[in-house]
Structure formats: C-alpha cells, structure tokens
Amino acid sequence: MKKRKIEVAVISDVHLGTIGCHADELIAYLNSIKPKKLVLNGDIIDIWQFKKRYFPSAHLKVLKKIIGMASDGVEVYYITGNHDEMLRKFSDTTVGHFHILDKLVLELDHKKAWIFHGDIFDASIQKAKWLAKLGAYGYDLIILINRLINWCLSKIGREKYSLSKRIKEGVKKAVRYIQDFEKTAADLVIQNGYQYVICGHIHQPKKMVYENKNGQCLYLNSGDWVENLTALEYSFKRWKIYRYSHDKLSPFFTDEGIKDIDINELIFHITSKKEKEKDTESLDD
C-alpha cells in the first residue's frame with residue numbers, strides 16, 4: 001500500500017510512557033504517511049509519569065520511527081508541552097532535521113500558522129503544578145478503568161464508551177474551560193496577524209473558523225493518541241482532521257525496518273547526514 005504524501009502532519013498528546021498511549025496505532029499511522037514536515041505539538045513523552053518505570057517496546061518504536069523519519073529528510077519539529085517540559089532547556093536546538101522548540105510559525109501558501117502546545121493558558125499548571133500532576137494520575141486511572149469497560153462491551157458486541165469524555169461533557173466547568181481555551185488561543189492569533197492557530201493540550205480535536213471584531217482565523221486542535229487517536233494534516237491548501245477510527249491501516253502495522261535498528265545508530269545517521277550536507281555546500285562554494 002502506497003504512503004499518502006502530505007505537506008504537514010501534526011500530532012500531540014501521545015503520552016508515551018503511560019498506560020493510555022496507543023503506540024501501535026500511532027506507528028501504523030506514521031507508516032502510512034509521507035509528510036514533508038512532522039510537527040510534534042507537545043506531551044509526546046510523558047516525563048511526569050516516568051517514575052512508573054513503564055515504557056513498553058512499542059513506545060520506544062514510536063521514538064525510533066520519528067527519528068528515522070528525520071534521518072530520511074522529514075523536517076521534524078518537537079514543540080514542548082507541560083508533560084515534557086524538561087525538554088524546554090533544549091529549546092532552539094537543532095540536530096539534522098530534528099528541531100526542539102517552544103513554539104513554531106509556519107508559512108503555508110502565504111498564510112501563517114502559529115503552533116504551540118497551549119499549556120500556557122492553563123492556570124492549574126502555572127500556579128499549582130502539583131495539582132495538575134495529581135490530575136494526570138487520576139486521568140490515567142480513568143483510562144485504565146475505561147479499557148476494562150470497553151473490553152467487557154466488546155465481549156457482548158457493544159460499541160466502545162469514553163468514560164473521560166462523558167465526565168468532561170457532564171461537568172460544566174470542563175466544557176467552559178475548553179471553550180475559554182479555544183477563544184483565548186484564537187484571539188491571541190488574530191491579534192498577532194496569523195491565519196491559523198494550532199494547539200494540543202486539551203485532547204479535543206477541532207477545526208473551526210473563529211471571528212471577533214478584529215478579524216478571523218482558523219482554530220485547529222490535533223487531539224490526542226490516548227482516546228481520540230487523531231492528527232491534523234495539511235495538503236492542497238487545506239487542513240483536515242485525520243481520525244484513526246475511520247481508517248484501515250492494518251497493512252502498516254508491520255515495520256520490520258524499525259525493529260532491528262538501534263537508537264544510537266539513528267542519531268548517528270541524522271548527524272552524519274547533516275555533516276555531509278555541510279561538506280557538499282562548502283565544495284559548491
């Protein structure tokens with residue numbers, strides 16, 4: 001099966017290192033596309049919960065896959081989030097085609113996209129980080145319970161049920177928080193003269209046109225790979241939300257190439273490739 005060629009792919013909130021992460025499905029998705037740019041919009045590695053010592057081989061394969069894409073020439077932008085905020089000390093670092101940033105501006109067909117994770121809008125993280133971390137553990141427990149519920153439902157032929165989504169929809173404060181998040185992000189982007197704003201953080205895939213008295217923009221959220229299994233894709237001058245549940249990617253589950261490759265070898269390929277490019281440029285001069 002041929003890979004789909006796209007200009008930009010955006011994923012966020014993968015939470016590698018947690019029970020809720022759907023690493024196998026993400027590998028299948030990454031195997032199915034051939035993007036020019038891959039944007040990792042925060043919370044890809046859940047450093048907050050590394051103490052659990054839980055990091056299955058499938059989670060490591062995701063990292064190997066991403067580094068492998070960079071070594072093949074895909075521009076990979078890792079934008080830091082709150083769960084991987086420790087990486088912010090390496091912001092503005094570039095190794096070959098792999099970049100670590102706090103935010104990113106891309107120009108796409110003469111329109112500017114401002115891309116950032118979005119945790120800067122979250123008061124619970126800014127003012128009470130311990131409370132946010134406690135909430136993260138509670139969320140992980142809900143996901144674990146939800147998997148048990150869905151296993152039981154599948155046995156009796158019923159559709160899957162999202163417990164956390166139901167809780168969010170039933171709590172007025174949660175609904176209002178999401179609405180306020182979207183409005184704040186969109187207002188900020190219009191104020192700065194950009195046409196697209198792309199966030200993650202709230203695990204709510206979304207594409208909507210937002211307008212205020214100063215103008216309008218397209219608000220986009222890439223969702224997550226814990227519950228929604230979604231991504232954003234840009235091609236042919238338009239954005240769309242990719243939903244794994246609507247796709248059939250079983251042929252892409254196998255990727256023999258990343259099973260045997262060593263992580264250090266991948267890093268070597270990235271750096272050596274960059275050195276070769278520099279040598280070529282100097283010879284041309």
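**Figure 1. Salt bridge between Arg-88 and Asp-119 in the predicted model.** In this predicted model, the side chains of Arg-88 and Asp-119 form a salt bridge with an N-to-O separation of 3.1 Å. The pair joins distant parts of the chain, its members being 31 residues apart. Arg-88 belongs to the loop between strand 3 (75-79) and strand 4 (93-95), whereas Asp-119 belongs to the loop between strand 7 (111-115) and helix 3 (123-127). Arg-88 is partly exposed, at 29% relative accessibility, while Asp-119 is buried, with a relative accessible area of 6%. Side chains of opposite charge can pair when their charged atoms come close.

Figure 2. The closest N and O atoms of the salt bridge between Arg-4 and Glu-233 are 2.7 Å apart. This pair also links distant parts of the chain, with Arg-4 in strand 1 and Glu-233 in strand 11 (residues 230-235), 229 residues apart. Glu-233 is buried, with a relative accessible area of 2%, whereas Arg-4 is partly exposed at 28%. Lys-240 joins Arg-4 and Glu-233 in a network of salt bridges. The structure as a whole holds 6 salt bridges.

Figure 3. Asp-187 and Lys-183 meet through their side chains in a salt bridge of 2.8 Å, taken from N to O. Both residues lie in helix 6 (residues 172-191); because they are 4 residues apart, about one helical turn separates them. An α-helix has 3.6 residues a turn, so residues three or four places apart point the same way. Lys-183 is partly exposed, with a relative accessibility of 43%.

**Figure 4. Surroundings of the buried residue Asp-13.** Asp-13 is located in the loop between strand 1 (4-11) and helix 1 (23-32). Its relative accessible area is 0%, and Asp-13 is therefore buried. A polar atom of the Asp-13 side chain lies 2.9 Å from the backbone nitrogen of His-201. The side chain of Asp-13 also makes a polar contact of 3.2 Å with the side chain of His-203. Beyond its neighbours within four places in sequence, Asp-13 is in contact with residues including Gly-42, Asp-43, Ile-44 and His-117. Further contacts of Asp-13 include Gly-200, Gly-223, Asp-224, Trp-225 and Val-226.

**Figure 5. Two histidine residues with positive phi.** Most residues other than glycine have a negative phi. His-15 has a positive phi, near 55°, and is placed in the loop between strand 1 and helix 1. With a relative accessible area of 6%, His-15 is buried. His-203, the residue in polar contact with Asp-13, has a positive phi near 60°. The loop that holds His-203 runs between strand 8 (196-199) and strand 9 (206-212). His-203 is buried, its relative accessible area being 7%.

**Figure 6. Burial of helix 1.** Among the buried residues are Ala-23, Leu-26, Ile-27, Ala-28 and Leu-30. The buried set also includes Glu-25, Tyr-29, Asn-31 and Ser-32.

**Figure 7. Helix 2 and the glycine that follows.** Helix 2 (residues 57-71) has 15 residues, which should span 21 Å at 1.5 Å a residue; the end C-alpha atoms are 21 Å apart, in agreement with that value. The helix is mostly covered, with 12 of its 15 residues buried. Among these buried residues are Val-62, Leu-63, Ile-66, Ile-67 and Met-69. Lys-64, Lys-65 and His-59 are also included among the buried residues of helix 2. Gly-73 follows helix 2 and has a positive phi, near 105°.

Figure 8. The structure holds 0 disulfides. For Cys-217, the closest cysteine sulfur is that of Cys-199; the two sulfur atoms are 9.5 Å apart, which is too far for a bond because a disulfide requires sulfur atoms within 2.5 Å. Cys-217 is buried, at 4% relative accessibility. Cys-21 is likewise buried, with a relative accessible area of 6%.

Technical notes
Residues are numbered from 1 along each chain as its sequence is written. This is a predicted model: local features need pLDDT of at least 70, side-chain atom pairs count only at pLDDT 80 or more; totals for chains, interfaces and linings use all residues. Side-chain values use heavy atoms; hydrogens and water are left out. Buried means under 20% relative accessible area, exposed over 50%, partly exposed in between (1.4 Å probe, protein chains only). A polar contact is a pair of N or O atoms within 3.5 Å; within protein, one must be able to donate a hydrogen and the other to accept it, and residues adjacent in sequence count only if both atoms are side-chain atoms. Contact means heavy atoms within 4.5 Å. A salt bridge is a side-chain nitrogen of Lys or Arg within 4 Å of a carboxyl oxygen of Asp or Glu. The expected span of a helix is 1.5 Å times one less than its number of residues.
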